Amino acid sequence: MALGEAFKLDEALRSLDSVQLAKVSGRLVRVSGMLLESLGCRRMTGQRCMVEQADGTLLEAQVVGFNRDITYLMPFKKPMGLTAGSRVFPAEEETALRIDDSWLGRVVNGLGEPLDELGKLTGRDPLPTELPRVNPLKRRPVTEALDVGVRAINALLTVGKGQRVGLFAGSGVGKSVLLGMITRQTKADVVVVGLIGERGREVQEFILHALGEEGLRKAVVVVAPANESPLMRLKAAELCHSIAAYFRDQGNDVLLLVDSLTRYAMAQREIALALGEPPATKGYPPSVFGMLPELVESAGNGADARGSLSALYTVLAEGDDQQDPIVDCARAILDGHIVLSRRLADVGHYPAIDISASVSRCMTQVSAVPQQRAARAFKEFYSTFEKIKELIPLGGYTPGMDSKTDRSVQLAPALERFLRQEVGEGSELGVSIATLQSILK
């Protein structure tokens, strides 16, 4: 036998060691809602499996827990037919998502799969699957104001580049409308939108009316409507944070919008309760209150001197309860909260921002002292007038008794005009501050 032929034979024999003689699989033993239980397919938590459905297609699922020999799986999409004993295969090695500027203008789901029928997404750089982390000692502080185009926020609740702010309100008070105003008017290089657990109808409306054709060119939209599985909603919220952090680290000023943080918490509640975790507060298990800070802390500025990541989260106050556990938790971990009032919305006052209940914790770092003084005076006059407003028609107010009250009554029409703003109206940061100071002169 020639030497070359012997060498090829040795190579062929060695290659047999890597040939898989049998395909390892487990079997499905129980289905409870969206939770699947399997035996024989051992995978680590976080890894993925493929479950065989009745029509022969494979359903992608992720390991979310285990109990002795039983592995708990949660599917990414709705099962189309599962039977007892359905085979469960370990998924092949996951191919990491790759990202670059070609993602701008695209709409994707929680797995990074395109929903806009514009072709497969490709990219130059790998996108980490884990939430981005920044050493707190290296995180660049918030030092520059962010112009959001809403007069009341710009002048009285000034937001900084790198700040994380919450929009707190009950249902139907105007959170989405205000979010759209901020989306259109904020000066940012890249906008990343996460529509998590909301109505599917709102997705196309947000893209058409809030972003528009021009806004979509510099945006990435991550969508997981309410009819998606809880795992898909979790993945979508985490994916939009990873995308925003990538563009931030490329030196861009990024605006991240998440609607809503409450739906993210509800998705984790569904998974945790299905796994048997005990409820702690209003049905929310402890893991929810551990995951919320981890998600929020992945936003904000990075260690690089270039680029910023400002985040805006909507938070649903169920029953207008500002002591709702998710509202209370979000208020503690965010850098500010803007509260929308149903009382103001009911009388046609939009945006229905309750100035006295809202605060920006970074305002003193990004605004001048004269503006801060003017904002405090505005709030004082406004709250004074709110206290006596109902007494004026009843004759309970007598001019000349108190100079501060008299001044509040005189300024009331101008204060209310300042706080109201039409949906299509914009107000730049400098103009908003100048208008505020002119009212109080």
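Trainee: Which residues line the largest cavity?

Mentor: This is a predicted model. The largest cavity holds about 90 Å³ of space. Its lining consists of L146, V148, I153, V159, Q163, V165, I182, L255, S310, A311, L312 and I338.

Trainee: Which element gives the most residues to the lining of the largest cavity?

Mentor: The lining includes S310, A311 and L312. The element that covers residues 308-316 gives 3 residues, and this element is strand 16.

Trainee: Which element gives the most to the lining of the second largest cavity?

Mentor: The lining is formed by L146, K161, T186, K187, A188, D253, V254, L255, S308 and S310. The element that gives the most, with 3 residues, is strand 15.

Trainee: By class, how many charged residues does the lining of the second largest cavity have?

Mentor: K161, K187 and D253 are among the lining residues, and Lys and Asp count as charged. The lining also has 4 nonpolar and 3 polar residues. The number of charged residues is 3.

Trainee: V254 is among the residues that line the second largest cavity. Is V254 buried or exposed?

Mentor: V254 is placed in strand 15. V254 touches V190, V192, A244, F247, R248, S308, L309 and S310, leaving aside residues up to four places away in sequence. Because its relative accessibility is 2% and the cut-off is under 20%, V254 counts as buried.

Trainee: How many Å apart in space are V254 and A311, C-alpha to C-alpha?

Mentor: A311 is one of the residues that line the largest cavity. V254 and A311 are 57 residues apart in sequence, and their C-alpha to C-alpha distance is 8.4 Å.

Trainee: Which element gives the most to the lining of the second largest pocket?

Mentor: The second largest pocket has a volume of about 590 Å³. Of its 28 lining residues, the closest to the centre are S176, V177, R199, E202 and D259. Helix 3 (175-185), helix 4 (201-216) and strand 16 are the elements that give two or more residues. The one that gives the most, with 7 residues, is helix 4.

Trainee: Which side chain of opposite charge is nearest to E238?

Mentor: E238 lies in helix 5 (residues 230-249) and touches L131, Y264, M291 and L295, not counting residues up to four places away in sequence. E238 is buried yet has no salt bridge. A salt bridge requires a separation within 4 Å, and the nearest side chain of opposite charge, 4.5 Å away, is K235.

Notes
Residues are numbered from 1 along each chain as its sequence is written. This is a predicted model: local features need pLDDT of at least 70, side-chain atom pairs count only at pLDDT 80 or more; totals for chains, interfaces and linings use all residues. Side-chain values use heavy atoms; hydrogens and water are left out. On a 1 Å grid over the protein atoms alone, a cavity is a set of points where a 1.4 Å probe fits but cannot get out, and a pocket is an open set with protein on both sides within 12 Å along at least five of seven lines; lining residues have an atom within 4 Å of a point. Grid points are joined across faces, edges and corners, and a volume is the space filled by probe spheres set on the points. Helices (H or I, at least four residues) and strands (E, at least two) are DSSP runs, numbered from the N terminus. Buried means under 20% relative accessible area, exposed over 50%, partly exposed in between (1.4 Å probe, protein chains only). Lys and Arg count as positive and Asp and Glu as negative; His and the chain ends are not counted. Contact means heavy atoms within 4.5 Å.
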